[in-house]
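Here is a guided walk through a protein model, taken one kind of contact at a time. Keep the viewer open and follow along as you read.

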Amino acid sequence: MAAEVELNHVQSASEMAEGEEDEHIFQPTMFLEPQETSIDMKALLVKKVKKTCSCTPAKVKDLIFSFLPVLQWLPKYKLREYLLGDIMSGVIVGILLVPQSIAYSLLAGQEPIYGLYTSFFASIIYFLFGTSRHISVGIFGVLCLMVGQVVDREVQRAGYDIEPSVHSGLQRDMVIYVNTTTLAVNQTLQPLLCDRSCYAITVGATVTFIAGVYQVAMGFFQVGFVSVYLSDALLGGFVTGASFTILTSQAKYLLGLDIPRSNGIGSLITTWINIFKNIHKTNICDLITSFLCLLVLVPTKELNEHFKSRLKAPIPIELVVVVAATLASHFGELKEKYGSSVAGHIPTGFLPPQPPNWDLIPSVAMDAVAIAIIGFAITVSLSEMFAKKHGYTVKANQEMYAIGFCNIIPSFFHCFTTSAALAKTLVKESTGCRTQISGVVTALVILLVLLLIAPLFYSLQKCVLGVITIVNLRGALRKFRDLPKMWHLSKVDTVIWLVTMAASALLSTEIGLLIGVCFSMLCVIVRTQRPEAPLLGWVVETEMYESLSAYKNLKTKPGIVVFRFEAPLYYINKECFKSTLYKRTGVNPAWVKAAKKKAAKRMLKEKMVTSGGSQADVSVQLVTEPLVFHTLVIDCCAIQFLDTAGIHTLKEICKDYGEIGIQVLLAQCNASVRSSLHRGEYFKKEEQILLFHSVHQAVDFALGARKQNGCILHVIMINLLSLCFS
């Protein structure tokens, strides 16, 4: 009877405590079980195939218009509003592009005429296929360097000299027009007819064709996501590192040295060793010309940048220098008197189309991968940047088609690889460009040079072209000035930039790019493997919880520890999660249980009592230090996903802490984490699901539950005392 009274007292007290605390206890989140839907994969596949293979006039029209964006925007062209700006920007970019095309041809290991061909065809084709209104597609220094390295390697394998030999105009025209796909009886004459220049452009065109095929395939299979692995820091470091290699390759022209171009790993160091070995052979005439060109180009370029907001158009100083240097070389007879190396004969008109050399494809297929990725990554990033700036949209996959066709089609017309270029795009934008019509105007300027003016550059010294190339590297080399700011913003990005830059410069461009990608991915893995994992404190008079180590004046709730893990929880960092949790909370469940077992054994030895030779009952009291907290709240807001190892880790943490009397609550789990917990059977069927929308709710729930348990315990003690005295 007394027991029944005791039980009734306890139950009524418990109900009373629950009623008092109901309005203060936040109930846990209701778990929404994901709806399971059965999908008939066969029916879905048939439906997609029918939709894809169906052919209606509307679908054909949409397909053509999406493939050729010019058909969409050209009929809407506002003649009075857009034409003047497009003509002005097209003419200015064309004037700048002529000397750069000739100069970058040397970088790609080609004759000057091929650089002009490349710029002409790229401008026309991008006009048809491109969606960006502002980018300038043409020759890009880094890609020219990568193509030139492949060309030099294959030229060496074929038994030609690295440096082109000097031919008369008649002989050069003859060897260029040779068709390498003639009958077998004439193939034995090919080594005699096709010289180094002819073979070099064949290699360059083949690499360009394969790179274009890769880019179109990327667009078709919609794998543009590959570019996300090329971060801004990685691309910046790669371009700067490649700029050192470009500068090194052009230094011999500034000194007038006739030394072979080094290839492979460590080519930068090898080239400088060869330069210093042959420094006594410096051509004084070329050295003086280079110095004078630098004195003119660098200050004028700086003035263009400093006053770009005031100038309607930049001063075309490169064209002025090329014209002046050509006249000085021609009338001063610098080649005949001082042995200066000149551009030589540049033919007018166009050469007959010629297919790539299919036999070379196995040799250059791997080289084309890096060229294709760099080309489309730079083009897409520049397109999106300027589209966002001017308030319109571009299609990334269509941009890959565009840059791919800018490589595939010109490869049949003696051209090499192209992409968007930042410097020329900035000039194009600042001079009033409104649409892709600007590219057509640029192509017309280059066409004028190809048809009429090209032969006049016969006496242009190669050292002038080398100076133009080097001066245009200033933007990439200036990135060193941004390193302190980059270090302040992100130390990891700075390290990625330095590693990629050093590898690209000291090893090779391809290896440098690969090292940069691998190192940046390693940094991501390391950052998720060793993430920040602070304890959180309460911001007074709010429901916010922030890091105790990052902010001052935060409060903690007695008996409750709040822990945040700022990374996905998966197999790589599961041990880091547990070790950091144990370190931050100061409680390792395994150690607590081991301490209890050790104390139990010690108490058994000390409190053993025997009576009459027989063993008596043993009363064991474990004397252990009380735990500093009773509830652990894990803030999961930064945990994007869980894998199998992560789910098992949370289950293990919950079980281990539960065995030593500590409750584990999860707060702010996203839908993916909740779904993973449900599939991983984190919650047992007979248990209440304890998930909370916020840390504040979890803390209030823990405090309320503690008060409720304390009230029940207090009532039990009172009843026990009353029974003892009754």
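The paragraphs below go from the annotated spans to aromatic rings, charges and strands. Please bear in mind that this is a predicted model.

Let us begin with what the record says. The unreviewed UniProt entry carries the annotation "transmembrane region" for residues 82–107, 113–129, 198–217, 223–247, 360–380, 401–423, 443–473 and 494–522. Residues 401–423 are 43% helix and 9% strand, with 23 Å between the end C-alpha atoms.

Now turn to the rings. A pair of aromatic rings is described by the distance of the centres and the angle of the planes. Searching the whole structure gives 24 aromatic pairs. In one of them, tryptophan 73 and phenylalanine 127 have ring centres 5.7 Å apart and planes at 85°; because an angle over 60 degrees counts as edge-to-face, that is the label for this pair. Tryptophan 73 belongs to helix α4 (residues 70–73) and phenylalanine 127 to helix α6 (residues 112–129), so their pairing ties together parts that are 54 residues apart in sequence. Both tryptophan 73 and phenylalanine 127 are buried.

Another edge-to-face pair joins phenylalanine 209 and phenylalanine 412, with 5.8 Å from centre to centre and 90° between the planes. Phenylalanine 209 sits in helix α11 (residues 196–220), while phenylalanine 412 is in the loop between α18 (396–408) and β2 (419–420), so this pair ties together parts that are 203 residues apart in sequence. Phenylalanine 412, at 27% relative accessibility, counts as partly exposed. Rings can also gather in a group: Tyr114, Tyr117, Phe120, Phe121, Phe350 and Phe413 make up one aromatic cluster.

Some rings have a charge for a neighbour. Arginine 133 lies over the face of tyrosine 392, at 4.2 Å from the ring centre. In a second example, the charged end of lysine 557 is placed over the ring of tryptophan 538, 3.9 Å from the centre of that ring.

Next come contacts between charges. Side chains of opposite charge can pair when their charged atoms come close. The count here is 19 salt bridges. Glutamate 302 is in helix α14 (residues 284–306) and arginine 474 in helix α22 (residues 474–477), so the bridge ties together parts that are 172 residues apart in sequence. Glutamate 302 counts as partly exposed at 31% relative accessibility, whereas arginine 474 is buried, with a relative accessible area of 16%. Glutamate 302 also forms a salt bridge with arginine 478, where the closest N and O atoms are 2.1 Å apart. Arginine 478 lies in the loop between α22 and α23 (483–489), so its bridge to helix α14 ties together parts that are 176 residues apart in sequence.

For a local bridge, find glutamate 659 and lysine 655, whose side chains meet at 2.9 Å, N to O. Why are they separated by about one helical turn? Because they are four residues apart in helix α28 (residues 644–659). Glutamate 659 counts as partly exposed at 41% relative accessibility, and lysine 655 counts as exposed at 52%. Elsewhere, Arg153, Glu154, Arg157 and Asp367 are linked in a network of salt bridges.

Lysine 578 lies in helix α26 (residues 574–585) and is buried, with a relative accessible area of 11%. Leaving aside residues up to four places away in sequence, lysine 578 touches Thr649, Glu652 and Ile653.

Finally, look at a pair of strands. Strand β8 (residues 631–635) and β9 pair in the parallel sense over five bridges, and threonine 631 stands opposite glutamine 663 in β9. Four of the five residues of strand β9 (residues 663–667) are buried, so β9 is largely enclosed by the rest of the structure.

Conventions
Residues are numbered from 1 along each chain as its sequence is written. This is a predicted model: local features need pLDDT of at least 70, side-chain atom pairs count only at pLDDT 80 or more; totals for chains, interfaces and linings use all residues. Side-chain values use heavy atoms; hydrogens and water are left out. Rings of Phe, Tyr and Trp (its six-membered ring) pair if their centres lie within 6.5 Å; planes under 30 degrees apart count as stacked, over 60 as edge-to-face and the rest as tilted. Helices (H or I, at least four residues) and strands (E, at least two) are DSSP runs, numbered from the N terminus. Buried means under 20% relative accessible area, exposed over 50%, partly exposed in between (1.4 Å probe, protein chains only). A charge sits over a ring if NZ of Lys or CZ of Arg is within 6 Å of the ring centre and within 35 degrees of the ring normal. Contact means heavy atoms within 4.5 Å. A salt bridge is a side-chain nitrogen of Lys or Arg within 4 Å of a carboxyl oxygen of Asp or Glu. UniProt positions are given in the numbering used here, feature names are shortened, and annotations may be inferred rather than shown by experiment. Two strands pair if DSSP finds at least two bridges between them.
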